[in-house]
Amino acid sequence: MKTFEELGVAANIRKAIEEMGYENPMPVQEEVIPYLLGEISDIIALAQTGTGKTAAFGLPVLQKIEVKENVPQALILCPTRELCLQIAGDLADYSKYIDNLRVLPVYGGSSIESQIKSLKRGVQIIVATPGRLIDLINRKTVDLKSIKYVVLDEADEMLNMGFTESIDEILSKVPDERIMLLFSATMPKEIAKITRKYMQSPKEITIGRKNEGSSNVKHVYYMVHAKDKYLALKRIADYYPNIYGIIFCRTRRETQEIADKLIQDGYNADSLHGDLSQAQRDYVMQKFRIHNIQLLVATDVAARGLDVDSLTHIINYGLPDDIESYTHRSGRTGRAGKTGTSISIVHVKEKGKIKSIEKIINKTFEQGIIPSGEAICEKQLFNLVDRIEKVKVNEDEISNLLPSVYRKLDWLEKEDIIKRVVALEFNRLIDYYSNADEIETPSDRFSRSDDKSFPRRKDRERADRSAGGARSAERGYSRLFINVGRTDNVNPASLMGLINDFVPEKVSIGRIDIMQNFSFFEVPERDAQKVINSMSRQEQNGRRISVEVAQGGSGERSGTRNHDWGNSSGSSRFERGQKRSSDSKPKSSRPSDKGHRKGRKPKFS
Ligand code: AMP
């Protein structure tokens, strides 16, 4: 890795960025800075937001500005007011030690007169949103003839927002010999068109792979019935007590509705969308930035330009219509070297979309299991205990009061006090979850026609019939499907061996049902995801293992049709190889849909 000095960054700029805590260049900076300072030609950089692209173009452009010439020399176009202010602010910080260098942000929603005044006084760098710049061009208050550098930042977003014509018009006003830099998180066809039209043999730089999401982001989807989406959202929020995230909704109305419900239900949430005034949006964003709000419910457009590096999660409350939006949303977490999770709450019909996204971002989604009430309460409890352990006690303030507090609680044992403290915080959650029904994971059966490892519908139905259908899991257990069965020489003992081989920690194994071509086994709900993650996509004898939640596969037993489970073998609860007595009696009989990959016959023994 090179230093900023080795990349050619001037001492006065280095001094400023060192004060900002930039010790080493980020990858996009390592690529772009020496290129712009040296050879100079157009550049297309495919870089996600949060990769350090502002400094990548900002530092060399600042270094190239002739401060003695009091005319605009660099034009930076970006999609939103927030991003505009952020870029202008960053450039001002970087140029702290360059005398007489002036940067002007030009954006809609603020006084055009004061922007005109600043332009008249003279600026060298204009950072603009396209709409307001066109306005200024039409008023003949800005002249772009002296522009040498044009940067299109978040180009894909600008096109999504309908700025194509404005960009065309602006670019027709800048000299042909300018250097143009285009930064985009994705590379849709429309961007390729712009690059062909306006750029000359551009150098293409890709940070990460094309259209690939950040590698620090885990992608998880939860499949629920549409009616359960909000309940699922609450459970996810409850399961991550320290969540700091954006919940993306499709419309302003839905955004407001979800935010209202969350606030009513006691969550630290607020909304951000286009029906709010600029002042209201600024206020909400500021509260979110300083962590006064934990969950920001937002539309894609309103959330653009909100620069927060430390999001733990983004939640797609339904998938967006286009994959680019998904990439943008998920790129908001896992930034600046941190890890993050992009959660999607989807219904069965959206399963196909998940597959398309997986192909584009070149990553596989994990299927999450909606946390059970019990698991949530446990997680919250340990979070509370953790907070109690770590809380900073203000000795000075509290010391006067403590003796009387001790006296008052003198009659209670330590265990009683702990119990009461916990109950104070927990009663709401425990009350809620003790009465709440578990959320059913809908079946996605027959929706995987594109996956060759799943048998055709007729075969599946036949298999299901011969199997007599799968039952529901015992209370507290999840029923999992695995794509190996008797045909693969699997029996309960070898299946347990397989689980032992791939799951690193001890997991108690419940009922096992071996079918002809596939099998079911039960594990405690809290371990189900771990087992799925550890086993899925593992290979055994050249065969790829697939483990998923079986239909109707978690929680309390339900259903009315009793069955004799004729085809099953091994029906007792096992503790990793130890047989224990079973108290389970099958009740539900809805068949599972899963089959096996045909053709090969691996052996498990
Ligand atoms: P950007 O993609 O330009 O929005 O940058 C993302 C974040 O990384 C911002 O908070 C920058 O201040 C920060 N940043 C950019 N370059 C560096 C660097 N070389 N070292 C540390 N932080 C950086």
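The questions and answers that follow start with the ligand and end with the cysteines.

This is a predicted model, in which local features need pLDDT of at least 70 and side-chain atom pairs count only at pLDDT 80 or more, while totals for chains, interfaces and linings use all residues. Residues are numbered from 1 along each chain as its sequence is written, and side-chain values use heavy atoms, with hydrogens and water left out.

Q: How much of the ligand's area does the protein bury?
A: A polar contact is a pair of N or O atoms within 3.5 Å; within protein, one must be able to donate a hydrogen and the other to accept it, and residues adjacent in sequence count only if both atoms are side-chain atoms. A ligand nitrogen lies 2.8 Å from a backbone N or O atom of Asn24, and a polar side-chain atom of Gln29 lies 2.7 Å from a nitrogen atom of the ligand. Taken alone, the ligand exposes 490 Å² (Shrake-Rupley method, 1.4 Å probe), and the share of this that the protein buries is 81%.

Q: Why is the pair of Tyr239 and Tyr240 classed as it is?
A: Rings of Phe, Tyr and Trp (its six-membered ring) pair if their centres lie within 6.5 Å; planes under 30 degrees apart count as stacked, over 60 as edge-to-face and the rest as tilted. The structure holds 9 aromatic pairs. In the pair of Tyr239 and Tyr240 the centres are 5.3 Å apart and the planes stand at 85 degrees, so the class is edge-to-face.

Q: Are Phe518 and Phe520 buried or exposed?
A: Phe518 and Phe520 form an edge-to-face pair, with 5.8 Å from centre to centre and 80 degrees between the planes. Buried means under 20% relative accessible area, exposed over 50%, and partly exposed in between (1.4 Å probe, protein chains only). Phe518 and Phe520 are both buried.

Q: Which ring does the charged end of Lys229 sit over?
A: A charge sits over a ring if NZ of Lys or CZ of Arg is within 6 Å of the ring centre and within 35 degrees of the ring normal. The charged end of Lys229 is 4.7 Å from the centre of the ring of Tyr317.

Q: How many disulfides does a search of the whole structure find?
A: A disulfide is a pair of cysteine sulfur atoms within 2.5 Å. For Cys78 the nearest cysteine sulfur, that of Cys84, is 4.5 Å away. The number of disulfides found is 0.
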